Every structure is written in structure tokens, then in C-alpha cells.
Amino acid sequence: MRTAYTADQIRAAEHVLMARLPEGTLMQRAASGLASVCADLLGRVYGKRVVLVVGSGDNGGDALYAGERLARRGAWVGAVLAGSRTHEAGLRAFTDAGGRVVDAAAVEEADLIVDGLVGIGAAGALREPYAGLVAAANAARAPIVAVDVPSGVDASSGRVQGAAVRAKVTVTMGAYKTGLLVDPGAVHAGAVELIDIGLGAYLPDPDVAALTGDDVDVLLPRPDKESDKYRRGVLGVAAGSDLFTGAAVLAVGGALRAGVGMVRYAGTSAPIAQVRSHWPEAVVTELDRPSIENVGRVQAWVLGPGLGTGDWAHELAARVLESGVPVLIDADALTLVAGDRGLLRRTAPVLITPHAGELARLIKADREQIEAARLEHARRAAAELGVTVLLKGSTTVVAEESRPARVNVTGTPWLATGGTGDVLSGVAGALLAQGLSCYDAAACGAFLHGLAGRFAASGAPLTAAGVASAVPRAIRAVSGETP
């Protein structure tokens with residue numbers, strides 16, 4: 001599991017560790033790792049032009065000491081000193097090794113730019129001359145390596161207010177920072193390289209975690225010799241309508257592909273015909289009124305994709321939410337809940353899967369605010385609504401009160417197409433029915449869905465149905481199995 005921490009958590013751990021080590025040890029460890037990553041990017045160090053943009057803080061010192069090492073290996077290294085002060089020992093070592101102080105125009109001719117302007121303690125928009133240097137670095141042809149976090153990115157949240165470095169690689173020291181895993185910060189970070197400087201033993205519980213394939217493999221339910229379709233979980237799906245029949249097909253398909261023992265689909269005649277045609281495995285119940293009393297026993301429900309938002313849909317949602325099993329709420333059901341928060345007054349677990357616009361309606365916020373601070377608003381919704389939140393988008397965030405938030409590291413921009421969210425609902429709902437908690441079902445479901453999206457796309461457009469078809473391949477991939 002990849003764990004990440006806030007700036008305050010990192011600084012507290014560094015304070016404890018530095019008290020046990022000779023002065024400057026952590027900076028030398030950081031600089032050594034930074035120089036190594038830079039050398040790898042350059043390929044051949046000798047004769048290459050490296051430009052450091054250096055601020056007043058410790059990561060400016062990291063950059064100078066790394067520049068010293070590159071200069072001793074034959075690189076031409078210049079430093080643009082932007083801060084009101086400069087790390088004295090670092091600058092002395094840098095110039096003693098042949099490094100030189102240059103003006104901002106040098107970034108245009110660099111083979112590599114090292115961003116050491118501001119570190120994890122910075123918050124808010126960058127001021128001049130930092131903002132101007134960031135703009136110049138971003139406009140240059142050379143790749144940028146950011147020290148610890150890209151300048152302009154809030155290390156604790158991923159927020160970006162104003163100019164921010166767009167790095168090819170971010171070399172982060174000691175532990176991942178939350179802002180490197182959550183957009184928009186994650187987009188600015190590029191590939192993230194972690195340098196071990198000895199902080200591990202001094203870190204608290206993480207602020208954020210990202211599951212790996214091995215984590216998902218451990219959490220996924222597996223059938224055994226005693227399994228039957230009921231022991232493997234029965235999922236109810238209340239989705240689709242005469243207008244949106246495909247939502248029902250995709251949600252049911254996602255669930256069946258994710259290993260649930262049985263899907264009981266409840267809907268009206270038009271979506272039922274489509275579900276029967278596509279998924280004869282599903283057990284269907286045609287509803288002539290908004291009731292689930294004849295559907296049969298289920299271990300969890302998926303509620304909402306394509307359901308509609310009229311009185312009939314509202315009554316059906318109320319009946320599903322009166323049940324005593326976990327319910328995943330998506331799409332139209334989120335609109336119903338936004339208009340009637342009383343629907344969430346239940347003791348059984350609830351997982352909601354909104355995109356930013358849907359979450360905005362639920363918690364009375366602006367969509368733009370949510371997209372700028374995804375982690376903050378997902379946590380707020382979890383606390384305010386008493387549910388588990390899977391916030392979809394460029395970074396999928398899973399939030400549950402009193403638990404570290406989880407972010408998903410799989411996926412592809414090609415997933416931004418109609419119907420893929422319905423598949424995700426089916427996949428996560430299937431995991432709920434198989435016994436996973438909302439917290440684990442959301443995180444594992446997002447991971448598998450994102451991985452299936454990569455397989456379905458392979459660098460080209462995909463369809464939602466193709467994502468559903470790729471879910472078994474994603475499961476095989478995390479388990480290391482071959483067909």
C-alpha cells in the first residue's frame with residue numbers, strides 16, 4: 001500500500017529524526033537521491049546543461065547539493081537564485097564544485113530544470129519572482145524535476161492556486177505527500193520517485209493511502225470448494241428505466257463480471273427486456289409498482305443508474321433504502337437523495353458514488369470548488385451524510401469518517417465516456433454483496449474498474465461494455481493468474 005502524509009505529519013517526523021542525526025544528514029540523503037534521479041533522466045551527465053531554480057527553503061538546499069554532485073560529474077550547472085536568502089552551505093558547495101549563479105534566461109537553454117523553489121510548507125498562490133520563474137520553466141523545452149513537491153502545489157491537499165510547476169518527475173523525500181496523489185496536484189507531479197531518508201519509523205498513521213494490486217488481491221473474495229451461488233453473494237440492482245435501458249444492462253454486466261454469485265434485477269418491462277437479452281444469468285423481477293417485496297433475498301443493492309427522478313423512482317429508492325443490507329447509491333438516486341436527505345436515515349451501510357456535480361448538489365457546494373479540493377469535499381460529505389463516499393473523477397477518492405482516505409491509482413482518461421460509471425456501480429456492488437465493507441468495496445472496485453479501463457482502451461477509445469468485459473482480466477492481473 002502506498003501511504004501519503006500531510007506537510008505537518010512529515011515535518012513532525014523530520015524533527016524527531018533530525019534530533020538523532022548529525023546536522024545536515026537528511027539534506028545530504030535527499031540531495032544524493034535527487035542527483036541520482038536527475039542523472040538517470042539525463043542519461044549521459046557529462047556536458048549536459050542543468051539549471052536549478054532555487055528558493056529560500058530547505059528544498060533549495062537539496063537542489064544546490066544535488067547540483068554540486070552533477071557538476072562534479074561534468075555537467076554544466078547553473079542556479080537561478082530566486083529567494084530573499086539562499087542556503088549558505090549548499091551554495092558554497094555548489095560553487096566550489098564549479099556551479100555558477102545565472103539569470104532566469106538560462107532555463108531556455110537547459111537540458112534539465114530542477115525545481116527547488118518552494119517546499120511542503122508553502123500554501124496559496126506563488127508570488128513573484130517565483131510565479132514568473134515557474135512560467136518560464138514550464139515554457140522551456142527541458143523536462144522539469146521537482147524537489148519534494150512541484151512548486152505551487154499544496155503538499156497536504158493537492159490544491160493549485162495560480163502558477164504551478166508541471167514536472168516530468170517529482171523526487172519526494174521520506175514519504176509520499178498527499179498532494180502528490182490527489183488532483184490537480186497529481187497531474188503537476190508527473191512520475192513520483194520516493195527517496196528513503198529514514199523517516200519510516202517516525203511517521204504516524206497515514207493521511208491518505210493508495211491500494212496496490214497486491215492489496216486488492218488480498219481483499220478480493222475468492223470462491224472455495226464449499227461455495228455456491230448464494231454464498232458468493234446475491235446483489236439486487238434497481239436501475240434503468242424506459243428512457244435509459246442501457247444503464248441497467250451495464251450495471252448488471254459489471255456485477256456479473258466481478259464475481260457475484262447471483263444478480264437479481266428489478267425494473268420495468270423495457271429495461272428488463274434488455275437485461276434478459278444481454279444477461280440471461282440475471283434473475284429478473286418486473287415491477288408494476290415501486291416495491292421490492294417480490295425480488296427475493298439479497299446481500300446488497302445497487303440503486304440508481306438510469307432510474308429516473310420522478311415519484312415512481314423516489315418511492316422505489318425509499319423501499320430499497322428501507323432494507324437492512326448495504327446499498328450503493330449512484331446517478332439518479334443521488335439526485336433523489338439530494339432532494340430528500342431523509343432517505344439516508346438508515347442504520348445499514350451506504351456507499352455513494354458521485355461525480356463532482358452530483359456531490360455539489362448533495363452538500364450544497366460549487367462543482368469548481370469540489371474539483372479544486374477533491375479530498376476535502378469527499379471527507380466533508382462522508383462526515384455530513386454519514387456514508388462512505390467514492391468521488392469519481394480525475395482522481396477517484398474514497399472517504400469514510402475516521403479512516404484514512406484512499407485514492408485510486410489505476411484508470412485512463414478514456415474512461416470519461418458514458419456508461420462507465422454504471423459498470424463501476426455494478427463492480428463495487430458485487431463486492432459489497434460478497435461481504436466487503438463499503439470502504440474496501442469502493443477502493444477495490446475503483447482499482448479493478450480503472451485497470452479494466454486500461455485493458456479495454458489500450459491507448460484508444462473504449463466503450464462501457466468493453467470495460468465490463470475486461471473486469472475478469474483485471475481480476476486475473478491483480479491475482480497473478482493466467483487464463
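The model discussed here is predicted.

Q: Why does Asn408 count as buried?
A: Its relative accessibility is 13%, and buried means under 20%; Asn408 is therefore buried. The residue lies in the loop between strand E19 (405-407) and helix H15 (420-433). Leaving aside neighbours within four places in sequence, Asn408 is in contact with Thr396, Ala446 and Phe447.

Q: Why is helix H11 described as largely enclosed by the rest of the structure?
A: Six of the eight residues of H11 (residues 332-339) are buried, so the description applies. The buried residues are Asp332, Ala333, Leu334, Leu336, Val337 and Ala338. Their packing partners include helix H10 (311-322) and helix H12 (356-363), together with strands such as E14 (300-303).

Q: Why are helices H2 and H3 called oblique to each other?
A: The axes of H2 (residues 25-42) and H3 (residues 58-72) cross at roughly 55°. Roughly parallel requires under 35 degrees and roughly perpendicular 65 to 115, so H2 and H3 are oblique. Their axes come within 8 Å, and H2 passes H3 in a right-handed crossing. Among the residues making the contact are Leu34 and Cys38 of H2 and Tyr65 and Arg69 of H3. The contact residues divide into 11 nonpolar, three polar and three charged.

Definitions and conventions: Residues are numbered from 1 along each chain as its sequence is written. This is a predicted model: local features need pLDDT of at least 70, side-chain atom pairs count only at pLDDT 80 or more; totals for chains, interfaces and linings use all residues. Side-chain values use heavy atoms; hydrogens and water are left out. Helices (H or I, at least four residues) and strands (E, at least two) are DSSP runs, numbered from the N terminus. Buried means under 20% relative accessible area, exposed over 50%, partly exposed in between (1.4 Å probe, protein chains only). Contact means heavy atoms within 4.5 Å. Axes are lines fitted to C-alpha atoms, for helices over the stretch in contact, and angles run from 0 to 180 degrees between N-to-C directions. Angles under 35 degrees count as roughly parallel, over 145 as roughly antiparallel, 65 to 115 as roughly perpendicular and the rest as oblique. A crossing is left-handed if the near helix is turned anticlockwise from the far one by less than a right angle, and right-handed if clockwise. Ala, Val, Leu, Ile, Met, Phe, Trp, Tyr, Cys and Pro count as nonpolar, Asp, Glu, Lys and Arg as charged, and the others, Gly among them, as polar.
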